[in-house]
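Welcome! Let us take a friendly walk through a protein model, looking at a few residues and how they meet their neighbours.

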Amino acid sequence: MRHQPDLFSSEIEDIHQQTSADSATALKLTPQDDQLSPSQQRFNRLLERIDKLKEQLVEMQVMRDAHRPVYHQKLTPLRERYNLCVREIVLLLDSRLQRKGLSALQERITATILCNLSMQLIVQGDEEMKALHDKHSRESLAQKEQAAMMDMREMMEDILGESLPDDESLDSAQDVFRAGMERLREAEAAEQEARQQARIRKKKPSAAQLQAIADEEAAETTLRKVFRQLASALHPDRASDSEERDRKTVLMSEANAAYDRRDLVALLQIQLRAELTDTASIAKMAEEKIAALSLLLKQQVQELESELQQQRFDARHEFGLKSYETVSVANLHRSLRTEESCFERDLIAMQQDLQQLTDDKYFKRWLKDQKRLSQESTTDVFDDWRY
């Protein structure tokens with residue numbers, strides 16, 4: 001196996017150097033007397049987890065940004081050649097259907113292959129392919145899209161148990177699916193809220209539930225308090241000169257963004273930079289305040305984990321990885337080599353066919369092969385036909 005250079009090592013090293021100064025662990029609590037309390041230890045663990053997740057997010061973005069130009073550089077020319085071959089075959093099939101000499105079954109198979117191949121170019125906006133599809137299909141694209149939309153509407157309405165609104169914006173199966181799923185999520189949320197309210201009415205909240213509510217309220221109060229302290233201290237009108245005003249304006253902009261995304265770590269780091277507090281002061285916080293801050297940190301961890309999961313999903317989709325594959329440099333290179341090989345194999349097969357499909361005997365044997373492959377396949381090759 002060819003050795004793949006690590007394209008990201010220098011970028012990753014830069015990340016570690018850049019984030020070390022802004023590390024959440026700079027806010028870690030240190031023992032004042034003997035040892036940290038359990039809540040202080042939990043606070044520190046959450047800070048470490050936030051640092052790790054932020055580092056993974058940046059590494060993922062660096063990996064994607066570095067791989068993307070390589071990916072497109074290698075595959076774009078192959079895709080263009082592939083699309084040209086598809087176009088030539090569609091035009092050849094159209095030409096052959098205009099001549100006599102094919103049986104009714106052979107004409108049906110030819111038209112089916114033509115329509116399915118043309119779809120690969122229609123989705124890219126090829127109007128000529130759309131016209132050829134409608135010429136040879138028993139249903140036009142508009143009719144197929146309308147039928148798919150109606151089928152999707154019927155399915156979603158069966159699931160919901162109610163009719164979807166006659167909205168003009170629901171003009172495709174995807175639109176109907178999105179609208180149906182949104183309605184389903186709303187219904188599930190309303191049902192869950194109703195069950196929760198019913199449980200509350202039936203019995204008094206437990207001590208743990210009351211504590212959780214109190215912790216949530218304390219967390220919100222703490223977040224607002226930290227932000228308001230920053231807003232008061234960083235107001236540009238309180239700056240002594242233009243340089244100080246510019247510095248406070250930048251910090252206030254960062255604070256607004258951090259507050260909008262409920263990023264407690266960023267707000268506390270801005271406090272440190274603005275010299276409104278220090279790590280010693282944070283370490284002396286009362287246990288009650290530590291609990292409130294820890295709840296905010298836990299929520300931030302959950303949001304970062306969700307964001308990382310989405311980034312991984314997007315990377316797999318963008319670069320053709322399987323849903324179970326880890327997004328790594330090695331897997332990205334391997335997937336790229338596999339996709340290159342598939343395109344090259346398909347191009348060879350298509351170019352060989354283009355050279356011989358003009359021969360009627362070869363053409364009829366080729367159609368017979370397609371019919372045999374369709375019968376052997378677990379899914380009809382004519383429903384998703386490709387070399």
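## Lys-54 and its partners

Apart from neighbours within four places in sequence, Lys-54 is in contact with Asp-263, Val-265, Gln-300 and Leu-304, where contact means heavy atoms within 4.5 Å. Lys-54 belongs to helix α2. Helices here are DSSP runs of H or I with at least four residues, strands are runs of E with at least two, and both are numbered from the N terminus. The C-alpha atoms of Lys-54 and Glu-307 are 9.8 Å apart, although 253 residues separate the two along the chain.

Is Lys-54 buried, partly exposed or exposed? With a relative accessible area of 26%, Lys-54 is partly exposed. Buried means under 20% relative accessible area, exposed means over 50%, and partly exposed is in between, using a 1.4 Å probe and protein chains only.

## About the model

This is a predicted model, in which local features need pLDDT of at least 70 and side-chain atom pairs count only at pLDDT 80 or more, while totals for chains, interfaces and linings use all residues. Residues are numbered from 1 along each chain as its sequence is written, and side-chain values use heavy atoms, leaving out hydrogens and water.

## Two loop residues

Ser-37 sits in the loop between α1 (9-20) and α2 (38-97). Ser-37 is buried, because its relative accessible area is 17%. Its side chain makes a polar contact with the side chain of Ser-39 at 3.1 Å. A polar contact is a pair of N or O atoms within 3.5 Å; within protein, one must be able to donate a hydrogen and the other to accept it, and residues adjacent in sequence count only if both atoms are side-chain atoms.

Leu-170 is found in the loop between α5 (141-160) and α6 (173-202). Its relative accessibility is 10%, so Leu-170 counts as buried. Leaving aside neighbours within four places in sequence, Leu-170 is in contact with residues including Met-149, Arg-153 and Asp-175. From C-alpha to C-alpha, Leu-170 and Met-149 are 8.3 Å apart, and they are 21 residues apart in sequence.

## Aromatic pairs

How many aromatic pairs does a search of the whole structure find? The search finds four. Rings of Phe, Tyr and Trp (its six-membered ring) pair if their centres lie within 6.5 Å; planes under 30 degrees apart count as stacked, over 60 as edge-to-face and the rest as tilted.

One of the pairs joins Tyr-82 and Phe-343: the ring centres are 5.8 Å apart and the planes are at 75 degrees, so the pair is edge-to-face. This pair links distant parts of the chain, with Tyr-82 in helix α2 and Phe-343 in helix α12 (residues 329-356), 261 residues apart. Tyr-82 is buried at 4% relative accessible area, and Phe-343 is buried at 8%.

Another pair is Phe-227 with Tyr-259, whose ring centres are 4.3 Å apart and whose planes are at 15 degrees, so this pair is stacked. Phe-227 lies in helix α7 (residues 207-233) and Tyr-259 in helix α8 (residues 242-260). Phe-227 counts as buried at 15% relative accessibility, whereas Tyr-259 counts as partly exposed at 25%.

## Two packed helices

Helix α3 (residues 104-122) packs against helix α13 (residues 360-376) at an angle of about 75 degrees, and their axes are 10 Å apart. The two helices are therefore roughly perpendicular to each other.

Residues of α3 in this contact include Leu-105 and Ile-109, while those of α13 include Phe-363 and Trp-366.

Methods: Axes are lines fitted to C-alpha atoms, for helices over the stretch in contact, and angles run from 0 to 180 degrees between N-to-C directions. Angles under 35 degrees count as roughly parallel, over 145 as roughly antiparallel, 65 to 115 as roughly perpendicular and the rest as oblique.
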